[in-house]
Amino acid sequence: MSRLRIYEDAQPSTPVSVHTAPADIARELGQVGVRFEQWEANAPIAPGASQDDVIAAYRTDIDRLMRDEGYQSVDVISLAPDHPDRATLRQKFLSEHTHSEDEVRFFVAGSGQFTLHVGGRVYDVLCEAGDLIGVPDGTPHWFDMSESPYFVAIRLFTNKEGWVANFTGTDIAERFPRMEPTTR
């Protein structure tokens with residue numbers, strides 16, 4: 001189940017509020033400029049489907065975002081618990097960072113945790129299959145895929161080369177909850 005926990009940035013032990021209804025999550029995130037949507041496939045997706053098949057199943061929503069927001073490219077990333085570089089890949093984005101372009105991810109399968117640091121608050125978003133999150137460029141955040149990652153995600157880019165993590169140098173991400181491994 002998708003979940004949003006909102007914390008004061010100096011109080012990582014107790015959330016100010018918790019939301020699980022998609023409309024509530026979208027409303028709360030929208031107030032800080034973050035897009036949250038839920039999509040449904042236009043066609044069934046078989047396990048092991050190709051990148052082209054996954055993109056085709058969500059083509060209507062992808063085309064809408066590309067047209068409305070100016071994204072230029074799309075791809076699919078997949079990570080399983082047995083990936084040999086999972087620990088290195090996880091560590092890469094666990095510290096607070098920004099990007100010079102939006103970070104847009106749609107979870108086709110599995111889950112991931114985006115945590116945003118905006119206006120003295122921390123927005124911890126557990127994204128599950130069917131969830132799209134759009135983190136605006138320049139927004140401090142971190143991403144956790146757990147110690148046992150499992151997800152298939154569609155990524156949209158304005159410019160893949162512009163999607164580079166610029167680390168803030170703070171340790172705030174270390175003080176907030178990490179993603180718990182999920183069972184599938």
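Analyst: Just after helix H3, Gly 70 takes a positive phi of about 80°. Helices here are DSSP runs of H or I with at least four residues, strands are E runs of at least two, and both are numbered from the N terminus. Keep in mind that this is a predicted model, where local features need pLDDT of at least 70 and side-chain atom pairs count only at pLDDT 80 or more, while totals for chains, interfaces and linings use all residues. Residues are numbered from 1 along each chain as its sequence is written, and side-chain values use heavy atoms, with hydrogens and water left out.

Now step back into the helix itself. Asp 61, Ile 62, Leu 65 and Met 66 are the buried residues of H3 (buried means under 20% relative accessible area, exposed over 50%, and partly exposed in between, with a 1.4 Å probe and protein chains only). These four lie on the same side of H3, because they cover an arc of only 135° around the axis, the arc being that of the directions from the helix axis to the C-beta atoms. The exposed residues Thr 60 and Arg 67 sit on the face of H3 turned away from its buried side.

What do the buried residues of H3 pack against? Their partners are S3, H2, strand S4 (73-79), S6, S8 and strand S10 (151-157), where a contact means heavy atoms within 4.5 Å.

At the other end of the helix, Tyr 58 is found in the loop between helix H2 (51-57) and helix H3 (59-69). Tyr 58 is buried, with a relative accessible area of 6%. Leaving aside residues up to four places away in sequence, Tyr 58 touches Trp 39, Glu 40, Ala 41, Asn 42, Ile 45, Phe 106, Val 108 and Ile 154.

For contrast, look at Ser 13, in the loop between S1 and S2. Ser 13 is exposed, with a relative accessible area of 63%. From Tyr 58 to Ser 13 is 45 residues in sequence and 37 Å in space, C-alpha to C-alpha. Ser 13 and Pro 177, in turn, are 164 residues apart along the chain, yet their C-alpha atoms are separated by 8.1 Å.

Let us return to S8, one of the partners of H3. Strand S8 (residues 131-135) is largely enclosed by the rest of the structure, because 5 of its 5 residues are buried. Asp 131, Ile 133 and Val 135 point one way from S8, and Leu 132 and Gly 134 point the other way. On the strand-pairing side, S8 pairs with S3 in the antiparallel sense over 4 bridges (two strands pair if DSSP finds at least two bridges between them), and there Glu 37 stands opposite Leu 132. S6 and S8 also pair in the antiparallel sense over 4 bridges, with Gly 134 in S8 as the bridge partner of Val 104.

S3 and S6 lead us to another helix. In helix H1 (residues 22-30), Ile 25, Glu 28 and Leu 29 are buried. They are on the same side of H1, because their arc around the axis is only 95°. The buried residues of H1 pack against strand S1 (3-8), strand S2 (17-19), strand S3 (35-38), strand S6 (103-118) and strand S7 (121-128).

Ring pairs link Phe 107, Phe 114, Phe 143 and Phe 151 into a cluster; rings of Phe, Tyr and Trp (its six-membered ring) pair if their centres lie within 6.5 Å, and planes under 30 degrees apart count as stacked, over 60 as edge-to-face and the rest as tilted.

Finally, the wider setting. The chain's secondary structure comes to 5 helices and 11 strands, and 45% of its 184 residues count as buried. Residues 24 or more positions apart account for 72% of the contacts with a separation of 6 or more. The C-alpha atoms fill a box of roughly 45 × 35 × 35 Å, taken along the principal axes.
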